[in-house]
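Please look at the sequence and the 3D structure shown below before reading on. The report that follows is meant for someone who has not seen this structure before.

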Amino acid sequence: MKILVTGGAGFIGSQFVRASLLGELISSPDVQITVLDKLTYAGNISNLDSVAHHPGLTFVRGDITDVHLVDALVPGHDVLVNFAAETHVDRSLLGAYEFVATNVLGTQTLLDSCRKHGVGRFVQVSTDEVYGSIEQGSWAENQPLAPNSPYAASKAGSDMLALAQARSHGMDVVVTRCSNNYGPYQFPEKLIPLFITRLMEGRTVQLYGEGNNVRDWLHVSDHCVGIDLVLHHGCAGEVYHIGGGTEMTNIELTGRMLDAYGVGWDRVEYVSDRAGHDMRYSLDYARICDELGYMPSIPFEKGLVDTLDWYQENRDWWSPLRGSGDFSQ
Ligand code: NAD
């Protein structure tokens with residue numbers, strides 16, 4: 001199987017590529033992967049070091065909005081998995097142009113090319129943030145979209161364009177929407193690696209508002225197992241939620257990280273809340289469990305300790321990223 005993986009040098013995309021090439025997924029036997037990645041500040045070619053010499057990997061540096069490049073690369077692939085995106089909510093609040101360009105226009109560029117060249121399946125990787133915020137209960141896959149941040153709005157736009165291709169043109173598109181990921185190789189502007197790296201350096205961490213926002217956490221390797229299941233067994237034109245079953249407030253999560261480093265709450269600064277900060281995300285992910293046999297396998301307690309250890313052992317990976325955006329705060 002030949003898979004074109006866009007954004008394959010980022011946090012989740014690189015996990016999918018490594019797991020595919022190292023024999024951990026259904027896709028693995030005889031898989032050939034082409035990674036198309038622009039290598040923005042969030043993309044890192046060293047995320048693919050462990051598979052760099054694998055004969056099944058080809059890396060192309062380029063932009064998913066580049067129609068000519070995309071049109072040259074797409075033919076011959078059986079599947080496209082689209083991870084490429086601008087992904088940081090805080091950055092989208094400072095300026096949304098790149099989010100619309102990559103997430104909306106870039107996705108449409110990929111869809112057009114896949115349809116033109118008859119690619120067998122298009123997997124659009126998306127997020128729970130497209131639904132907005134929910135006080136109680138959990139969202140089903142048919143929940144109307146109500147995004148609040150420019151990031152979430154651009155992801156909602158790309159999801160709907162992907163599903164429109166299925167409905168208008170009968171294209172084989174599946175959409176996955178996942179909760180918050182954590183694990184190795186996550187760019188240290190996101191909450192868990194940002195807090196870990198700052199605590200490791202003896203610095204303070206900054207908590208938005210009162211820290212009562214609730215997120216569901218899922219290890220990145222479980223997310224990729226879910227994507228792989230949908231890629232192989234999902235129904236065309238459908239949406240699948242991929243959840244972790246580990247909801248907690250940001251303050252509880254912060255407490256766990258402080259405990260892990262044996263430091264106290266004096267290392268926490270409370271800062272004014274993020275604009276439009278969603279209070280709670282919660283996906284009902286029964287469908288992928290019942291229909292495709294998905295189940296998250298890494299308990300949060302273990303996954304968090306493993307992640308702390310990884311950042312401890314891989315300073316060489318994250319230290320050079322100092323100075324990029326929020327990470328420099
Ligand atoms: P990331 O920011 O770590 O990686 C994004 C990758 O896309 C980078 O390698 C970057 O270089 C590449 N990229 C950006 N713009 C590009 C362009 N125009 N052309 C080609 N490549 C480009 O993101 P991530 O956390 O790995 O997220 C991957 C996908 O999963 C995104 O679509 C995101 O919306 C979705 N998602 C993420 C989470 C999460 O918690 N991180 C949760 C649910 C869904």
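## Basis of the report

This is a predicted model, in which local features need pLDDT of at least 70 and side-chain atom pairs count only at pLDDT 80 or more, while totals for chains, interfaces and linings use all residues. Residues are numbered from 1 along each chain as its sequence is written, and side-chain values use heavy atoms, with hydrogens and water left out.

## The ligand and its shell

The ligand has 28 residues around it, and those that come nearest are I12, D37, T87, Y151 and K155; a residue is counted as near a molecule if one of its heavy atoms lies within 4 Å of it. By type, the shell divides into 12 nonpolar, 12 polar and 4 charged residues, where Ala, Val, Leu, Ile, Met, Phe, Trp, Tyr, Cys and Pro count as nonpolar, Asp, Glu, Lys and Arg as charged, and the others, Gly among them, as polar. At least two residues of the shell come from each of α1 (11–21), β5 (121–127), α5 (150–169) and β7 (180–182), and β5 gives the most, with 3 residues.

The side chain of K155 has an N or O atom that is 2.6 Å from an oxygen atom of the ligand. Taken alone the ligand exposes 840 Å², of which the protein buries 96%; accessible areas come from the Shrake-Rupley method with a 1.4 Å probe, and for residues only the protein chains shown count as cover.

## Salt bridges

The whole structure contains 13 salt bridges, each being a side-chain nitrogen of Lys or Arg within 4 Å of a carboxyl oxygen of Asp or Glu. One of them joins the side chains of D90 and R274, with N to O at 2.7 Å. Because D90 lies in helix α3 (residues 89–94) and R274 in the loop between β12 (268–271) and α9 (286–292), this pair ties together parts that are 184 residues apart in sequence. Both D90 and R274 are buried, a word used here for under 20% relative accessible area, with exposed meaning over 50% and partly exposed in between (1.4 Å probe, protein chains only).

Another salt bridge, at 3.3 Å from N to O, links the side chains of E252 and R256, which both lie in helix α8 (residues 250–261), 4 residues or about one turn of the helix apart. E252 is partly exposed at 37% relative accessible area, and R256 is partly exposed at 27%. In helix α9, R287 and E291 are likewise 4 residues apart, separated by about one helical turn, and their closest N and O atoms are 3.2 Å apart in a salt bridge. R287 is buried at 19%, whereas E291 is partly exposed at 49%. A network of salt bridges links E238, R287 and E291.

## Aromatic pairs

What describes a pair of aromatic rings? The distance of the centres and the angle of the planes do so. There are 12 aromatic pairs in the structure, the rings of Phe, Tyr and Trp (its six-membered ring) being paired if their centres lie within 6.5 Å, and counted as stacked when the planes are under 30 degrees apart, edge-to-face when over 60 and tilted for the rest. The rings of Y41 and F187 have centres 5.1 Å apart and planes at 90°, so this pair is edge-to-face. Y41 is in the loop between β2 (32–37) and β3 (57–61) and F187 in the loop between β7 and α6 (191–200), 146 residues apart, and the pair thus links distant parts of the chain. Y41 is partly exposed at 24% relative accessible area, whereas F187 is buried at 6%.

The rings of W310 and Y311 are also edge-to-face, because their centres are 4.9 Å apart and their planes are at 80°. Both W310 and Y311 are buried, and one aromatic cluster is formed by Y185, W310, Y311 and W317.

## Positive phi angles

L39, although not a glycine, has a positive phi of about 55°; L39 lies in the loop between β2 and β3 and is buried at 19% relative accessibility. Y185, a member of the aromatic cluster, has a positive phi near 70° and is likewise a residue other than glycine. Y185 is placed in the loop between β7 and α6 and is buried, with a relative accessible area of 18%.

How values were computed
A polar contact is a pair of N or O atoms within 3.5 Å; within protein, one must be able to donate a hydrogen and the other to accept it, and residues adjacent in sequence count only if both atoms are side-chain atoms.
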